[in-house]
Amino acid sequence: MHVVELRFECFDNTTITAAEKTINGLLEAYRANGQILGREFAVAFNDGEFRVRLLMPEKSSLAKRFNSPWVERALVELTESKILAPREKYIGQDINSEISSSETPSWQLVYTSYVHMCSPVRNGDTLQPIPLYQLPATFNGDHKRIIRWQTEWQACDELQMAAATKAEFAALEELTSTSSDLFRRGWDLRGRIEYLTRIPTYYYLYRVGGDNLASEKTRPCPRCGNKNWLLDEPLLDMFHFRCDSCRIVSNISWDHL
């Protein structure tokens, strides 16, 4: 990941309210297209210009060729608010985040956790995140739906990791059950991505609990009942199961490893 600073200058009289609305609108459009990462952006005003530091998947993430129709519209609204297009100042590579995938994978998967800000679409060969703007728009011109799904998955993951309230059990149901709303939406998005990219795309189904290691190894695919989805060796040292017909990967319960 890479850090960049954007600077917005006014070229005519405007108001803080108008500037705030259009700058935040542009940042949200960038986020919905996967060009910037995170949820909150601190926009500072000083010496007659607005500045914001952002985390991006790649050094070139804000290149015009990656813009969605919504980003282009937000740039027009910026001009209408008497603000120049942002100037970029590259800060450097973020040492605390992952390197984005730069190669076409043989397969890919939808995977995230509450500690990850990067793309939820991963290269199946390396587990590196694939920048969303490198993929065809999933719905309505950008990737807002999969980012929203990622936010919901991470919220459930944080609840179950905290294990401090009864909400933990509802969150676990969403993460581990093939009948949950979270699974249904994520699995459908997975299918959409596979259709658009023509690359086999799998969904990571989280697993925790279970009786013991022996019973875990014999459990079938929870969606189709396939009993032969246990792999001889775990994929990427994480995924012990793969069902090719359901496009699901999963793990032996973390309680028994």
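The buried residues of H1 are Ala19, Thr22, Ile23, Leu26, Leu27, Ala29, Tyr30, Arg31 and Ala32, where buried means under 20% relative accessible area with a 1.4 Å probe, protein chains only. Helices (H or I, at least four residues) and strands (E, at least two) are DSSP runs, numbered from the N terminus. This is a predicted model, in which local features need pLDDT of at least 70 and side-chain atom pairs count only at pLDDT 80 or more, while totals for chains, interfaces and linings use all residues. Residues are numbered from 1 along each chain as its sequence is written, and side-chain values use heavy atoms, with hydrogens and water left out.

The cover over the buried residues of H1 includes strand S1 (2–9), strand S3 (49–56), helix H2 (69–80) and helix H3 (144–162). With 17 residues (16–32) at 1.5 Å a residue, H1 should span 24 Å, and its end C-alpha atoms are 24 Å apart, which agrees; the expected span is 1.5 Å times one less than the number of residues. Just after H1, Gly34 takes a positive phi of about 80°.

## Nonpolar cores

A nonpolar core is a set of buried Ala, Val, Leu, Ile, Met, Phe, Trp, Tyr and Cys residues joined through side-chain atoms within 4.5 Å. The largest has 37 residues, and Leu109, Ile146, Trp149, Trp153 and Phe239 have the most contacts inside it. Among the elements that give two or more residues to this core are H3, helix H4 (167–176) and helix H5 (181–197). Apart from this core lies another, of 19 residues, among them Val4, Leu27, Tyr30 and Ala74.

Contact means heavy atoms within 4.5 Å. Not counting residues up to four places away in sequence, Phe239 touches Leu109, Tyr111, Leu127, Tyr204, Leu231, Pro234, Val249 and Ser250.

Tyr206 is placed in the loop between S7 and helix H6 (213–218). Tyr206 counts as buried because its relative accessibility is 11%.

## Pockets

| Pocket | Volume |
|---|---|
| Largest pocket | about 310 Å³ |
| Second largest pocket | about 220 Å³ |

Of the 20 residues that line the largest pocket, Arg39, His116, Met117, Gln150 and Gln154 lie nearest its centre. H3 gives the most to this lining, with 6 residues. On a 1 Å grid over the protein atoms alone, a pocket is an open set of points where a 1.4 Å probe fits, with protein on both sides within 12 Å along at least five of seven lines; lining residues have an atom within 4 Å of a point.

How values were computed:
Buried < 20%, exposed > 50% of the residue type's maximum accessible area, 1.4 Å probe, protein only. Points joined across faces, edges and corners; volume = space filled by probe spheres on them.
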